[in-house]
Amino acid sequence: MRLGVLDVGSNTVHLLVVDAHRGGHPTPMTSDKVELRLAEHLDPAGALTAAGAEALVGAVQRASAAAAEAGCADLLAFATSALRDATNSSAVLAEVRHRTGVSLEVLPGEDEARYTFLAVRRWYGWSAGRLLVLDIGGGSLELAAGLDEHADVAESLPMGAGRLTRQWFHSDPPSRHEIDRLREHVDAQLAPVARRLRRAGAPDLAVGTSKTFRSLARLTGAAPSSAGPRARRVLTRVGLRQLAAFITRMSSGDLAELEGVSPSRSHQLVAGALVAEAAMRALQVSQLEICPWALREGVILRRLDTLDGMSRIDRSAQEALGGLGSLTSYEARWTG
């Protein structure tokens, strides 16, 4: 079947269309991104502004039309930290549903971590042993660890690269004082979570996913995207520490000129590097494998797991050890 996955994140609204069947790997057909930076449209009270809500409606309308034109049998639509944080998220979601026919499911952070963990497990397989998975988004940092398909520990912290940049950096490049204060904050927030993850057991394989880790790995010498998703990419702690010392002295404009850095996200790179370095240090990880699959693929894989020819109900939340989140019914998500 052809599936569309609509991911409303802090930075982008991303539609991914794949062809897939149960037991097979999802094959990407088309991908479309709109840079909305929803997190930057939150007012001082934490509500999504009228302009931000209107931009979101427009982006979802375009994605819905594109999914229909692509022949998608289902559209799995979800939102992450930007809408999760918005104090008026219920009203915004109702407006999106009313005007587009698309029901966005707001994922709790821990469920983001669990779906991403599932995608990484499927990519590397059982031979990878115990996995540790890190994902730095625009609004949050997800961490998960486990030996099976369902993570034993799943955590989410409000330490995304975009969020920390807005909250802690007021100059470009950031001052030494700003960098030192952010490092102290990140270390303090990570400490209790890192202890829980370490108690779960030492990983056989540590993995980083999503754009921030891909950019950092590229800047430390990993293969470019043109080498394809199956090229092995590694980010070492030593290489990351050296990179951080270099990029913290650069303006966002200069960072945007570096290969592998998106101009729209260059201003977030320093904060992302500091979080990545702190997480690897706290978790005593010397290197990360970079996995091309992440949250969107995890949602697709879980949807495929539920196909039995009759049911369109995802019972993973009931069947998974400890629960796997609130994406329970896709049947009425999209009216087309």
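Angles between helix axes of 65 to 115 degrees count as roughly perpendicular, and in this predicted model the pair formed by helix H5 (residues 161–168) and helix H10 (residues 269–282) packs at an angle of about 110°, with the axes 8 Å apart. H5 and H10 are therefore roughly perpendicular to each other, and their crossing is right-handed. On the H5 side the contact involves Ala161, Leu164 and Thr165, which meet Ala271, Gly272 and Val275 of H10. Classified by residue type, this contact of H5 with H10 comprises four nonpolar and two polar residues, with no charged residue.

H10 also packs against helix H7 (residues 210–219), here at an angle of about 90° and with an axis separation of 10 Å, so that H7 is roughly perpendicular to H10. Thr212, Phe213, Ser215, Leu216 and Leu219 of H7 make this contact with Leu269, Gly272, Ala273 and Ala276 of H10. The residues concerned divide into six nonpolar and three polar, and none is charged. Within H7 itself, serine 210 has a positive phi of about 80° although it is not a glycine, and this residue of H7 is buried, with a relative accessible area of 17%.

H5 is mostly covered, six of its eight residues being buried, namely Ala161, Gly162, Arg163, Leu164, Thr165 and Trp168. These buried residues of H5 pack against helix H2 (81–85), strand S6 (131–136), helix H6 (176–199), H7 and H10. In the loop between H5 and H6, where proline 173 is found, the peptide bond from aspartate 172 to proline 173 is cis, with omega near 0°. Burial is also marked in helix H11 (residues 295–305), in which nine of the 11 residues are buried, so that H11 is largely enclosed by the rest of the structure. Among the buried residues of H11 are Glu297, Arg302 and Arg303, together with Leu295, Val299, Ile300, Leu301 and Leu304.

Serine 10 is placed in the loop between strand S1 (2–8) and strand S2 (12–19) and is buried, with a relative accessible area of 7%. Leaving aside residues up to four places away in sequence, serine 10 touches Arg37, Leu38, Ala39, Thr80, Ser81, Ala82, Gly138 and Gly139. A polar atom of the serine 10 side chain lies 3.4 Å from the backbone nitrogen of glycine 139, and the C-alpha atoms of serine 10 and glutamate 40, which are 30 residues apart in sequence, are 8.2 Å apart in space. Arginine 37, one of the residues touched by serine 10, is found in the loop between strand S3 (27–35) and helix H1 (50–69). Phi of arginine 37 is near 50°, a positive value in a residue other than glycine, and arginine 37 is partly exposed, with a relative accessible area of 25%.

Serine 156, by contrast in its setting, lies in strand S8 (residues 153–157). With a relative accessible area of 19%, serine 156 is buried, the cut-off for this class being under 20%. The side chain of serine 156 makes a polar contact of 2.6 Å with the side chain of glutamate 142. Residues touched by serine 156, again not counting those up to four places away in sequence, are Arg84, Gly109, Glu110, Ser140, Leu141 and Glu142.

Terms used: Residues numbered from 1 in each chain as written. Predicted model: local features only at pLDDT ≥ 70, side-chain atom pairs only at ≥ 80, totals over all residues. Heavy atoms only, no water. Buried < 20%, exposed > 50% of the residue type's maximum accessible area, 1.4 Å probe, protein only. Helix = DSSP H or I, 4+ residues; strand = E, 2+ residues; numbered from the N terminus. Axes fitted to C-alpha atoms, helices over the stretch in contact; angles between N-to-C directions. Parallel < 35°, antiparallel > 145°, perpendicular 65-115°, else oblique. Left-handed = near helix turned anticlockwise from the far one by under 90°. Contact = heavy atoms within 4.5 Å. Nonpolar A, V, L, I, M, F, W, Y, C, P; charged D, E, K, R; others polar. Polar contact = N/O pair within 3.5 Å; in protein donor to acceptor, adjacent residues only side chain to side chain.
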